[in-house]
Amino acid sequence: MKKHKARFVAHGFSQVEGIDYDETFAHVTRYSYIISMLALSAQMGWKIHQMDVKTTFLNGQIEEEVYIEQLEGFETFDHELHVCRLKRALYGLKQAPCAWYTRIESYFTGLGFVKSEADANLYHIVVEGRLLIIVLYVDDLILTSDDQLIVSCKEDLAREFKMRDMGLMHYFLSMDVCRKDGEFFVSQGKYANKILRRFHMEKCKPMQTPLAGNWRKEVPTSREVVEATMLENVTLENGWLFGFSSLMMIK
């Protein structure tokens, strides 16, 4: 039996700034802080766990007055011309990410977490002399500390939000993370393979250096039309494919 998901999405493109919404932003953390978190965990002998928030944006509460038409198939037949006022955020709303961040920030600070001044998505708390660190990336949470604090934190999060416990962190933001003998090994092999499959270059030969020694730029002479959307993550020059994230060059 196949299961299909349906999501009620708002028409955010019809919202008017200053009337239907004020702030809109995406709360993401920096790679440098994640790498620093890995280094600290390796030094302290901690593990890094990952959790996922289900229906993330639906947890946000909106302050503006936003009205939507009645959902098709769920109309109130004696009030067909009535509309619904939203109290919580929906996917598609301009302020949905901001509302979610405000909600999770309020929850963390209520538990006693301190938000980092350098990164608004990095929180920490000290419990009986033990440090617990949480990094937020939209609907993903990674946390590190000793095992007892991690278990306690997971239980608190699960009581407040619908969460999916993903266990030890193995893949996060296109990074493969492997822990062995107290050390973390980080690579982007899965991401690199995805890029190769996208451009049908799985059988290309790898190169150890990022640029050929005798390479020189030539004036393009081909008038062939290039699909601009295919160059979103890479740049093609004279048959060379450069992957910025994977630091790999293939031909």
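Trainee: Which strands are included in what covers the buried residues of helix α1?

Mentor: This is a predicted model, in which local features need pLDDT of at least 70 and side-chain atom pairs count only at pLDDT 80 or more, while totals for chains, interfaces and linings use all residues. Residues are numbered from 1 along each chain as its sequence is written, and side-chain values use heavy atoms, with hydrogens and water left out. Helices (H or I, at least four residues) and strands (E, at least two) are DSSP runs numbered from the N terminus, buried means under 20% relative accessible area, with exposed over 50% and partly exposed in between (1.4 Å probe, protein chains only), and contact means heavy atoms within 4.5 Å. On those terms, the cover over the buried residues of α1 includes β1, β6 (130-137), β7 (140-145), β9 (171-172), β10 (175-180) and β11 (183-187).

Trainee: How wide an arc do the buried residues of α1 cover around the axis?

Mentor: The buried residues of this helix are Ile34, Met37, Leu38 and Ser41. The arc is taken from the directions running from the helix axis to the C-beta atoms. These residues are on the same side of α1, because the arc that they cover is only 100°.

Trainee: Just after α1, which residue takes a positive phi?

Mentor: Helix α1 covers residues 31-44, and its 14 residues reach 20 Å from the first C-alpha to the last, close to the 20 Å expected at 1.5 Å a residue; the expected span is 1.5 Å times one less than the number of residues. Just after the helix, a positive phi of about 75° is taken by Gly45.

Trainee: How many bridges join β1 to β7?

Mentor: Strand β1 is mostly covered, with six of its seven residues buried. Its antiparallel pairing with β8 (residues 163-168) runs over four bridges, and there His49 stands opposite Leu168. Towards β7, Lys47 stands opposite Ser145 and Asp52 stands opposite Asp140. These two strands run antiparallel, and the number of bridges that join them is six.

Trainee: Thr56 has a polar side chain atom 3.0 Å from a backbone oxygen; which residue does that oxygen belong to?

Mentor: Thr56 is found in the loop between β1 (47-53) and β2 (67-68), and it is buried, with a relative accessible area of 3%. Leaving aside neighbours within four places in sequence, Thr56 is in contact with Tyr91, Trp100, Val138 and Asp139. The backbone oxygen that lies 3.0 Å from a polar atom of the Thr56 side chain belongs to Val53.

Trainee: Ile133 and Tyr123 are 10 residues apart along the chain; what distance separates their C-alpha atoms?

Mentor: Ile133 has its place in strand β6 and is buried, with a relative accessible area of 10%. Leaving aside neighbours within four places in sequence, the residues in contact with Ile133 include Met37, Leu40, Ile142 and Tyr123. Between Ile133 and Tyr123, the C-alpha separation is 5.8 Å.

Trainee: In the open sheet of three strands, which strands stand at the edges?

Mentor: The order is β9-β10-β11, with antiparallel pairing. Five bridges join β10 to β11, and the bridge partner of Cys178 in β11 is Phe185. One side is left without a neighbour in the sheet where a strand has a single partner strand, and the edge strands of this kind are β9 and β11.

Technical notes: A polar contact is a pair of N or O atoms within 3.5 Å; within protein, one must be able to donate a hydrogen and the other to accept it, and residues adjacent in sequence count only if both atoms are side-chain atoms. Two strands pair if DSSP finds at least two bridges between them.
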